[in-house]
Amino acid sequence: MSEPTPTAASVARGRRELTYAVLLCLAGAGLAFWAATRTWSVELTARGSLPPSRHARTGADLLPWLSALALVALAGGGAVLATRGRVRRLLGGLLTLLGLAVAAGGGYGLTASFDGGVSRQWPAFCLVGGLIAAAGGLLTALRGGDWPAMGTRYERPARSAEQPATDGPAVGRGTRDAWDALDRGEDPTVS
C-alpha cells in the first residue's frame, strides 16, 4: 500500500509550522542566553573610609549551567532544520526539556535572594525565553515528523552500473571531465 501524496495545503502548513517552531526555539533560547549574560545582582563591599566597591554578577555567574543550556537550545533550534522524522521528534522532546530547564533557572533567579541589590527583570526574561523555547520544542515533538525535510539535492548520488569509473586523473582530459569526476565523488587529481 502506498502512502498518500501530500497536498499543497498540507505541505504549506508543514512548512509554516516548521518555521514557527524554529523561530520559537531560536528566539526563546536567544532571549534566555542574552538575559543570562546581564547583571542579576550587585554586591557592595564596604572599604572603610573609601567608597564601597561594586561587584556585579551576571546570571551566568550565579547559575553557570543556565547560559550553557540556552546555547544548546539555540543550536538545537537550528538542528531542527537538518533532521527529519523520528530524530526530529526526539530533538523536539530534548528542546522541550532544555527550555523548561532554562525557565526553571529563570524562575529560581526570580525567587532567590542573592547578596546585594537584585534585578528581577533579567531572570524574568530568562524564564520567558525558556518557556518560548520549550513551546517550540513541544511543537516539534508533536508535529515534527510530518514536516518537510531538507532535500537530497546535495547528497552524493549512488554510482550506477551504466556510469563506469574513469581511469586515471582527469587533469589531462579537460576541465569538463574534471568537474564531472567531482560530481561523481572522485578526486580528479588522483591517478
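The model is a prediction, so to speak for itself: local features need pLDDT of at least 70 and side-chain atom pairs count only at pLDDT 80 or more, while totals for chains, interfaces and linings use all residues. Residues are numbered from 1 along each chain as its sequence is written, and side-chain values use heavy atoms, with hydrogens and water left out.

On confidence, the chain averages a pLDDT (the predictor's confidence in each residue, from 0 to 100) of 83, and 82% of the residues score at least 70. Helices (H or I, at least four residues) and strands (E, at least two) are DSSP runs, numbered from the N terminus. Where pLDDT is low, the predicted coordinates should not be read in detail.

Now to the rings. Rings of Phe, Tyr and Trp (its six-membered ring) pair if their centres lie within 6.5 Å; planes under 30 degrees apart count as stacked, over 60 as edge-to-face and the rest as tilted. That rule gives three aromatic pairs. In one of them, the ring centres of Trp-34 and Trp-122 sit 5.0 Å apart with the planes at 90 degrees, so this pair is edge-to-face. Trp-34 belongs to helix H1 (residues 8-36) and Trp-122 to helix H5 (residues 121-143), so the pair links distant parts of the chain, 88 residues apart. Trp-122 is buried (under 20% relative accessible area, with exposed over 50% and partly exposed in between; 1.4 Å probe, protein chains only) at 15%, whereas Trp-34 is partly exposed at 41%.

Trp-34 also pairs with Phe-125, this time tilted, with 6.5 Å centre to centre and 50 degrees between the planes. Here too helices H1 and H5 are involved, so the pair ties together parts that are 91 residues apart in sequence. Phe-125 is partly exposed, at 36% relative accessibility. Ring pairs join Trp-34, Trp-122 and Phe-125 into a cluster.

Elsewhere, Ala-149 sits in the loop between H5 and helix H6 (175-183) and is partly exposed, with a relative accessible area of 35%. Leaving aside residues up to four places away in sequence, Ala-149 contacts (heavy atoms within 4.5 Å) Thr-83, Arg-84 and Arg-88.
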